[in-house]
Amino acid sequence: MTGGPANTARTGMLEASASACRVAAMLLLALMCALVVGQVIARNLIDTGMPWADELSRFCGVAIVFLCIPLLALRGQHVAVDMVPMMLPDRYRRWVSSVVELLVLCFAGLALWALYAFLGRAWKFATPTLGIPNWVFYAPAIIGFVLLAVVTVARLAALLFGRSLEPSDKALP
C-alpha cells in the first residue's frame, strides 16, 4: 500500500503496532515453551506438578494467536482461498477483495461486540489457578481484533483509492 506521506505514516504506524504484537507473541511463545518444559521436568524429576503453569501456558497460546492476526492481515499473509479471485480481471478482483475486506471488518466488529458482551458480565471474575482477571486474560483478543479492524479499514481504503493489496513478498522474520 503506497501513497502520500499521510498514507505512509499511517501504514508505518500500523506496521509498528503489528510488529509490537509480533514481538509480544514471540516472548509469549518462549514463555509457553519454558512453562511446558518446566512442567515436564517438575512432574518427571521432582515428582511435583505446577498447576499454574498449564493455565499460564494456555493464556500464552491464546494470546499468540490473537496478537499475530493484525500483522498477517496487514501483510496479506493470512490464510486465503484466492484461486478464483486471482483468475478474475483486475476490476472484478478489486470488487471481490472489497467484499472480503468488508466481511472481515464485520467479523472483527462482531467479535469485539461479543467480547464486550461477555466481559460485561465476566470482567470481575478471575481464572481459577492464577487469579488472572478475565479482562487481562482476554485483552490480547481485544487488542488483536481492534487492530484487525483498523488494518481492514486501511486495506479497504487502499482498494477504494486504487492501490494494490498484493501480498507482501517479505517473509516473516
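User: Does Thr-152 count as buried or exposed, and why?

Analyst: Please note at the outset that this is a predicted model. A residue is called buried when its relative accessible area is under 20%. Thr-152 has a relative accessibility of 1%, so Thr-152 counts as buried. This residue is found in helix 6.

User: Which residues is Thr-152 in contact with, leaving aside its neighbours within four places in sequence?

Analyst: With those neighbours set aside, Thr-152 is in contact with Glu-101, Val-104 and Leu-105. For the chain as a whole, buried residues make up 32% of the 173 residues.

User: What elements make up the chain?

Analyst: The chain has 6 helices and 0 strands. Read from the N terminus, the order of elements is α-α-α-α-α-α.

User: How many residues does helix 6 have, and what span does it reach?

Analyst: Helix 6 covers residues 139–160, which is 22 residues. From its first C-alpha to its last it reaches 31 Å, close to the 32 Å expected at 1.5 Å a residue. Just after helix 6, Gly-162 takes a positive phi of about 85°.

User: Which residue other than glycine has a positive phi near 60°?

Analyst: The general idea is that most residues other than glycine have a negative phi. In this structure, Asp-47 has a positive phi, near 60°. Asp-47 lies in the loop between helix 1 (5–44) and helix 2 (51–75). Its relative accessibility is 68%, so Asp-47 counts as exposed.

User: How is a pair of aromatic rings described?

Analyst: Such a pair is described by the distance of the centres and the angle of the planes. Planes over 60 degrees apart count as edge-to-face. In this structure the count comes to 5 aromatic pairs. One of them joins Phe-118 and Tyr-138: the ring centres are 5.2 Å apart and the planes stand at 75°, so this pair is edge-to-face.

User: Where in the chain do Phe-118 and Tyr-138 lie?

Analyst: Phe-118 is in helix 4 (residues 90–122), while Tyr-138 is in the loop between helix 5 (134–137) and helix 6. The two residues are 20 residues apart, and the pair links distant parts of the chain. Phe-118 is partly exposed, at a relative accessible area of 31%, and Tyr-138 is also partly exposed, at 28%.

User: What arrangement do the rings of Phe-137 and Tyr-138 take, and why?

Analyst: Their centres are 5.6 Å apart and their planes stand at 75°, so this pair is edge-to-face. Phe-137 has a relative accessible area of 13%, so it counts as buried. Together, Phe-59, Phe-118, Phe-137 and Tyr-138 form one aromatic cluster.

User: Where among the helices is confidence lowest, and where is it highest?

Analyst: Confidence is read from the pLDDT, a value given to each residue by the predictor. The mean pLDDT of the chain is 82, and 88% of its residues reach 70 or more. Confidence is lowest in helix 3 (residues 83–87), with a mean of 78, and highest in helix 6, at 90. Over residues 167–173 the pLDDT is below 50, and this stretch has 15 contacts in the model beyond near neighbours in sequence.

Methods. Residues are numbered from 1 along each chain as its sequence is written. This is a predicted model: local features need pLDDT of at least 70, side-chain atom pairs count only at pLDDT 80 or more; totals for chains, interfaces and linings use all residues. Side-chain values use heavy atoms; hydrogens and water are left out. Helices (H or I, at least four residues) and strands (E, at least two) are DSSP runs, numbered from the N terminus. The expected span of a helix is 1.5 Å times one less than its number of residues. Buried means under 20% relative accessible area, exposed over 50%, partly exposed in between (1.4 Å probe, protein chains only). Rings of Phe, Tyr and Trp (its six-membered ring) pair if their centres lie within 6.5 Å; planes under 30 degrees apart count as stacked, over 60 as edge-to-face and the rest as tilted. pLDDT is the predictor's confidence in each residue, from 0 to 100. Contact means heavy atoms within 4.5 Å.
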